[in-house]
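Please keep the sequence and the model open while reading.

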Amino acid sequence: MADFRYLAVDPAGREKRGHIDAPDREAARAALAQKRLFVIECAPGAPPEPKKALLTLERNRLSHRELALFTRQLATLTEVSPLEEALRTSSRQSEAAHVRAIIGTVHSGIVEGRRLAEAMGREPKSFPPLYRAMISAGESSGSLPVILDRLSALLERQAEVRGKLMATLAYPIVLATVAVLVVAALMIWVVPRVVEQFDTVGQQLPLLTRIVIALSDVAANWWWLVLLALAGAGAGFAALLRRPAFRLAFDSRLLKLPLIGRLLRDLHAARFARTLSTMVSSRLPLVEGLRLTIPTIRNRRLAEATESIVEQVRGGGSLSAAMRDARIFPPLLVYLAASGESSGRLEVMLERAADYLENEFDRFTATAMALLEPLIIVVMGVIVALIILSILLPILQLQQLTGP
């Protein structure tokens, strides 16, 4: 099969451009004629993927926000217009060149006669397997606009949770960065100048002053070595994380930490419940949907638990029993899943569980960050106080030696 680039006009007089696979040029023209397209030009051409890569040297995928916006636009447009026209309109709506190129690739696939899920498979970085599986389920059941609406709601909710988390962490991160810079400035520039005044005292300086002077000397003269050591430690740790056994042990320990562990577990449980609810309501096979979620889970312990759930459900077990055996999901989620299975309202119960867990996550992160901010200020205050005290102690010692 060869690739042919074509320019054609549809019965409504609209120009169509794209690529089509065919044994030869005549077969390509015949295939386009069957689609009621009047062929103006049909010539051998490169497949659309390399062309798209040249257009998007800087960015070659849709961000989470762009994917959510595209899905919402497509869900709205497919209710009032054909899919091909909806894709063309969505492409023109975007101002970003890489978004137009990616949507254009999908549009070309639709013009060639491919299904939407298959056309999106040309852009696997922008459209994950689970996303394409839901699209395929919607196409097979004839409910694509409904599936797109549910997908857009799922992506928008995930983006909202992600945005809240980033907004919550922004202030503590900035505060901690400023605190580190202030302490570094004191140790590198202020302390050495003050210490020069004590060189001719002839008395042994207090222990706290000697410790601060030593740390200041390291920071002022050996900062590059400290940075190299930190970079080396970071590179070594990253190399260890690439080992499956170490990564699994590290992720398991991470989930057992008092605050961070609960935060990760609740966030994963909420995302898991909402994704499952969307899959069930979209009539996507549960086992297939669960299997497709595994590559999206970064924590290896959680991914391993999801794999065990897939195996149990594939073997005929219930979802709630598999979640209970995993021992990482909140009891409320397991109970609501069991209630949904027994009443035949699994998607409703999972959605309620997701709402509750997300609200709990919001409250927990708000409380944790409210405690973290004053903690950073207190720690910074203690460090600065120790530096000032190390400077004042020799001065007080000198006053006692020279007193009346």
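The largest nonpolar core has 64 residues, and those with the most contacts inside it are Ile 309 and Phe 329. A nonpolar core is here a set of buried Ala, Val, Leu, Ile, Met, Phe, Trp, Tyr and Cys residues joined through side-chain atoms within 4.5 Å. Buried means under 20% relative accessible area, exposed means over 50%, and partly exposed lies in between, with a 1.4 Å probe and protein chains only. The largest share of this core, seven residues, is supplied by α12; helices (H or I, at least four residues) and strands (E, at least two) are DSSP runs numbered from the N terminus. A second, separate core has eleven residues, including Ala 22, Leu 32, Val 39 and Val 111.

The model is predicted, so local features need pLDDT of at least 70 and side-chain atom pairs count only at pLDDT 80 or more, whereas totals for chains, interfaces and linings use all residues. Residues are numbered from 1 along each chain as its sequence is written, and side-chain values use heavy atoms, with hydrogens and water left out.

**Around Phe 329 and α15**

Leaving aside residues up to four places away in sequence, Phe 329 touches His 268, Ala 269, Phe 272, Ile 309, Met 323 and Val 334, where contact means heavy atoms within 4.5 Å. Two of these partners, Ile 309 and Met 323, also take part in the contact between α14 and α15. The axes of helix α14 (residues 300-314) and α15 come within 9 Å and cross at roughly 145°; axes are lines fitted to C-alpha atoms, for helices over the stretch in contact, and angles run from 0 to 180 degrees between N-to-C directions. The crossing of α14 past α15 is right-handed. On the α14 side the contact is made by Arg 301, Ala 305, Ile 309, Gln 312 and Val 313, and on the α15 side by Leu 319, Ala 321, Ala 322, Met 323, Asp 325 and Ala 326. These contact residues divide into eight nonpolar, one polar and two charged, with Ala, Val, Leu, Ile, Met, Phe, Trp, Tyr, Cys and Pro counted as nonpolar, Asp, Glu, Lys and Arg as charged, and the others, Gly among them, as polar.

Arg 327 lies in the loop between α15 (319-326) and α16 (331-343). Although Arg 327 is not a glycine, it has a positive phi of about 60°, and at 76% relative accessibility it counts as exposed.

**Aromatic pairs**

A search of the whole structure finds six aromatic pairs. Rings of Phe, Tyr and Trp (its six-membered ring) pair if their centres lie within 6.5 Å, and planes under 30 degrees apart count as stacked, over 60 as edge-to-face and the rest as tilted. Two of the pairs are set out below.

| Pair | Centre distance | Plane angle | Class |
|---|---|---|---|
| Trp 222 and Trp 224 | 5.9 Å | 40° | tilted |
| Phe 237 and Phe 250 | 5.2 Å | 75° | edge-to-face |

Phe 237 lies in helix α10 (residues 223-241) and Phe 250 in helix α11 (residues 244-255), so this pair ties together parts that are 13 residues apart in sequence. Phe 237 is partly exposed at 34% relative accessibility, and Phe 250 is partly exposed at 30%. For the tryptophans, Trp 222 is partly exposed with a relative accessible area of 41%, and Trp 224 is partly exposed at 39%. Elsewhere, Phe 70, Phe 127 and Tyr 131 form one aromatic cluster.

**Single residues and their neighbours**

Is Asp 251 buried or exposed? Asp 251, placed in helix α11, counts as buried because its relative accessibility is 3%. Asp 251 touches Arg 298, Asn 299, Arg 300 and Arg 301, not counting residues up to four places away in sequence.

Leu 264 is found in helix α12 (residues 260-281) and is partly exposed, with a relative accessible area of 28%. With residues up to four places away in sequence not counted, Leu 264 touches Leu 254 and Leu 255.

Arg 132, in helix α7 (residues 129-141), is 15 residues from Ala 117 in sequence and 5.1 Å from it in space, C-alpha to C-alpha. Apart from residues up to four places away in sequence, Arg 132 touches Ala 117, Met 120, Gly 121, Pro 124 and Phe 127.

Methods:
Left-handed = near helix turned anticlockwise from the far one by under 90°.
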